Amino acid sequence: MKRKLLGVIDATTYHDDLEDLLTHRSLAALPFAGRYRIIDFVLSNMVNSGIRSVAIFPKMQYRSLMDHLGSGKNWDLNRKRDGLFFFPSPIVDSDGNRIGSFEHFAGNIDFFYRSTQEYSIISNCYTIFNMDFRPILDWHRQSGCDITEIHHQDGGSMEMYLIKTSLLIKLIETRNETGYTCMKDIVNNLHHFYNICHYEYNGYAVMIDSIENYFSTSMNLLQSDIWKQLFIKEQPIITKVKDEPPTKYIKGSYVKNAMIANGCLIGGTVENSIVSRGVKIGKGAVIKNCIIMQKCHIEDNCYLDSVILDKDVKVDAGTHLTGTTRSPYVIRKGTKQGALMNS
Amino acid sequence: MVKKKCVACVLAGGKGSRLNSLTKDLAKPAVPFGGKYRIIDFTLSNCANSGIDTVGVLTQYQPLLLNSYIGIGSAWDLDRKDGGVTVLPPYSESSEVKWYTGTASAIYQNLNYLKQYQPEYVLILSGDHIYKMNYESMLEFHIEKRADVTISLIEVPWDEASRFGIMNTKDDMRIVEFEEKPSNPKNNLASMGIYIFSWNILKEYLEMDDRNPDSSHDFGKDVIPMLLEEKKKLFAYPFKGYWKDVGTVQSLWEANMDLLKEECDLDLFNQDWRIYSVNPNQPPQYISSDAIVKESLINEGCTIEGHIDKSVLFQGVTVGKGTIIKESVIMPDAIIGNNCLIERAIVPFDIKIPDGTVIRSFDDEIILVTEEMLGGLYSAY
């Protein structure tokens, strides 16, 4: 596999529907499941599939993504040869005219030339899944297809493509003549002679493209049959190490049906919720149907129902915040919520 | 080799035989503690947090797990270009294999390791203790006092003083007398087994000790008394804070229970002095709708469907439905079935406890669960 498959993660995507959560970060760096960033899923899948060279193409607000990935050490991608490559794009979108990923790839075409891997897998950065790419590569090689697009059994493209690296280079270099700006353009266009195939994937996979779907996908993690499809011992989802202590449940805590990361201090009630690393929940506080991101501090006697707290939010004692499961109340990163502001 | 001002040596070869089956296959410094750590994490993190970047770890008893756990030291930020962590096992010379027969002989046999860094000071530590300490402050004290040796002391309860090495000092903290396990202690200041030596003194006295056929080659029993006899400048550095040598099953259990107090003297949550460990990289803990969790410390990768009360659960533990775990320590990857009752026990790593097992102590003693025990000794629930 080492010599065969190159991983390419297109992290240039932006979804307007997720705006409240993306003001400080790229979609790839969106926190998920208490301790991960969305990109951890595809990146870990690549590493677990034996891919040793991964290129990530981010755009805009990539500071948090870069901080998260670092040298790639956590994914064992800090290698002398191959490893993790990070190619932020120098190109900025002009109004209403988003630039396709081929344009970003073209800015670093030397990387593709230098790569020795015969095949490439190009993937989006916002799918929650745990997939072994090896059987798909075997399938692709046997099928004789030029491009294999991974489809989900529920229909629909998963926006992941297998292609010979040499053909990918050709497509990137001829983008101006052909008008194809990304892989999607090619598979959706029939005016060419490339042989396009579909590989059907029947495991769990969700693409995060709106707050509503981010919220429901997060809540579904509390169902053990879904949880077990994502977190597999032999194919672990790897993330940045934080060295937090175990979570401490103090007197008065009451927790059920919840996923809780390390480093939390819990003194209140937590139900049907996802709590990230280093969160403090005060005594008498009630947290229901919530996603609480890293380092939030919820003081005593608060009541939160159907709320997404982005990172570093502080909620003053006695504050009540409620949203609905269809439209959860999103509190932006680093803000402070007082009892008097939202009563 | 780049010169280093201070090099640390961690004695990590101890067997810890009073921990019974827990140390059958691993050295005491590798025993799991606090839901996530191994005992040696505290010493190594103290080094990293004190700015000491050159650490030799002396192993001997059952070193396999400890060696692979320490690796190149990256978990403690000790994977360095110059210095960093070096595991130092006993080795053979042209005539014989020299085992580490005592704490002093272990350091003596690694004088060449120390020499290559041309240190001014050598910090000698034990890998067996649980505490947070700034060695840099101790080194400053040593330099300020122009000491030959500085020994760190902690106040122990008077009735326990006769179990320790007790130091008698003058007002300026100069040590005038050292008594190993005295029956009538004059003092309750006990040695923590932490020493800072000025390099020349260490080298000279370890060589002298090695030549003495009557010596047991131990710092406390042989080297320190010899230094005192020769009127060398030995100073006591008083340490205040949590410090525990978890030598027995009972004390290991107690130290874990200490962490559950709301105001714990050993603050694992202090970001300014983090305790690092090799991260298992497991998903967050999952607390099911059938579970109840009270006053406990739980690590990532756990799946909890039962009731947990005043307990410490390490990474990857599974607890089945209807199971009650009370005042217990459950070590990594243990699988506990449905409808079990476990009270005042330590469950070692990787053990599988079948459905309906009852483990409880009817006296004060803490039960250390073993595979043999599960072979039918305990009746169904």
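Reader: Where is Ser296(B) placed in chain B?
Author: Ser296(B) sits in the loop between β17 (292-294) and β18 (297-298) of chain B; strands (E, at least two residues) and helices (H or I, at least four) are DSSP runs numbered from the N terminus. This is a predicted model, in which local features need pLDDT of at least 70, side-chain atom pairs count only at pLDDT 80 or more, and totals for chains, interfaces and linings use all residues. Residues are numbered from 1 along each chain as its sequence is written, chains are lettered from A and ligands numbered from 1 in the order written, and side-chain values use heavy atoms, without hydrogens and water.

Reader: Is Ser296(B) buried or exposed?
Author: Ser296(B) counts as buried because its relative accessibility is 0% (buried is under 20%, exposed over 50%, partly exposed in between, with a 1.4 Å probe and protein chains only).

Reader: What does the side chain of Ser296(B) reach at 2.8 Å?
Author: That side chain reaches the backbone oxygen of Lys294(B). A polar atom of the Ser296(B) side chain also lies 3.4 Å from the backbone nitrogen of Lys310(B).

Reader: Changing topic, where is Thr101(B)?
Author: Thr101(B) belongs to the loop between β7 (97-98) and α3 (103-108) of chain B. With 59% relative accessibility, Thr101(B) counts as exposed.

Reader: How many residues separate Thr101(B) and Ser216(B) in sequence?
Author: They are 115 residues apart in sequence, and 7.6 Å apart in space from C-alpha to C-alpha.

Technical notes: Polar contact = N/O pair within 3.5 Å; in protein donor to acceptor, adjacent residues only side chain to side chain.
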